[in-house]
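Have the structure open as you read.

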Amino acid sequence: MNTKISVCIPTYNRKGKLKRAIESVLKQTYDNYELIISDNCSIDGTEEMIKTDFLNVPNLTYYRNEVNRGMVPNWRNCLEKATGDFYIILDDDNYLIYDDYLSDASLVIKENSNIQLVFGDFLIRFKEKDQMESYRFNPYIKGKDLYKNYFNFKRVPQIFFVLLNRETAIKNDFYIDNLITHDVQSFMISMLQGDVGYIKRLIGIYDMTGEDNVVLSIQSKWKDYINYHDRILAIGNKSGLKKSFYERPLKRQLRQSYNSQITRLTKEEKDWYNSRIRKLYGQKYFVYLKFVDIFYSIGKRILK
């Protein structure tokens with residue numbers, strides 16, 4: 001039987017963009033999918049728009065939360081409502097442009113029973129200039145090979161429009177931690193569980209033109225950028241992998257972000273951030289990061 005896919009769209013007060021996202025899903029050529037809308041108590045007429053414009057869509061189910069539960073709990077609500085073998089969280093301001101995406105993904109999953117996630121190329125739409133994210137991968141990749149190169153942006157640009165194995169998501173409690181980095185956490189855990197499928201097509205548009213895009217509020221969630229490490233490290237430890245292996249991409253991310261993070265924090269915040277690094281990776285690695293930070297700061301002064 002064909003793989004059942006759940007397309008989940010969490011939404012809040014974006015009825016215009018939501019409509020665009022829904023219409024992009026309804027153009028998919030694949031027929032064994034369900035479309036789940038989880039409305040985080042919108043007050044902009046979202047419910048009325050759904051009931052008016054999509055009343056007779058047979059595979060669309062609309063849920064409305066009684067209160068705004070927050071972004072990540074709404075993602076969890078999507079996962080709990082989903083019944084597919086695989087699912088994709090499609091943010092309401094993003095949309096698909098490749099009508100055969102679900103069809104191609106289902107073939108990849110059918111041909112390799114060890115697949116844990118599927119993704120493809122995408123385009124980020126900024127106000128100033130669009131940015132294409134594309135990859136040079138084979139159709140099937142060992143998840144651990146992708147994992148070890150994650151945050152090495154020359155090899156693995158960021159990934160979006162990702163289909164995930166729902167059983168794995170439930171088993172590993174995806175979106176239980178209320179972290180803005182919940183998507184990265186789920187991707188990296190999935191990579192440690194099996195193989196990855198890649199589709200060499202432009203899948204969708206990641207829309208960064210709105211003033212309310214979640215990425216624009218990331219700086220206020222600076223703690224999340226290290227707190228999401230906990231669950232990944234715990235799963236890496238249980239998997240029997242070498243510590244040096246499952247720590248590698250997370251340490252790489254810290255090296256890349258430490259200077260930019262630490263320079264905008266208060267003394268109290270810096271103390272908390274540094275204590276978390278020492279707790280997770282030890283004093284030796286913390287000292288190494290401090291040296292990297294010093295050299296980075298000297299380099300910036302020289303360039304000026």
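What follows is a short tour of a predicted model, starting with the aromatics.

## Rings with rings

Let's start with the overall tally: the structure holds 19 aromatic pairs. One aromatic cluster brings together Phe119, Tyr135, Phe137 and Tyr198.

If you want to go through the pairs yourself, keep in mind that a pair of aromatic rings is described by the distance of the centres and the angle of the planes.

## Charges over rings

Lys223 has its charged end over the ring of Trp272, at 4.9 Å from the ring centre. Lys251 has its charged end over the ring of Tyr285, and there the distance to the centre is 4.7 Å.

## Leu117, in a strand

Leu117 belongs to strand 6, which covers residues 115-125. Leu117 counts as buried because its relative accessibility is 0%, and the cut-off for buried is under 20%.

Who touches it? Beyond its neighbours within four places in sequence, Leu117 is in contact with a list of residues including Phe86, Ile159, Val162, Leu163 and Leu164. Ser190, Met191, Asp195, Val196 and Gly197 are also among the contacts of Leu117. As for Gly143, it lies 26 residues from Leu117 along the chain, with 8.6 Å between the two C-alpha atoms.

## Gln261, in a helix

Gln261 is part of helix 10, residues 243-262. Its relative accessibility is 5%, so Gln261 counts as buried.

With neighbours within four places in sequence left aside, Gln261 is in contact with Trp222, Tyr225 and Tyr273.

Methods:
Residues are numbered from 1 along each chain as its sequence is written. This is a predicted model: local features need pLDDT of at least 70, side-chain atom pairs count only at pLDDT 80 or more; totals for chains, interfaces and linings use all residues. Side-chain values use heavy atoms; hydrogens and water are left out. Rings of Phe, Tyr and Trp (its six-membered ring) pair if their centres lie within 6.5 Å; planes under 30 degrees apart count as stacked, over 60 as edge-to-face and the rest as tilted. A charge sits over a ring if NZ of Lys or CZ of Arg is within 6 Å of the ring centre and within 35 degrees of the ring normal. Helices (H or I, at least four residues) and strands (E, at least two) are DSSP runs, numbered from the N terminus. Buried means under 20% relative accessible area, exposed over 50%, partly exposed in between (1.4 Å probe, protein chains only). Contact means heavy atoms within 4.5 Å.
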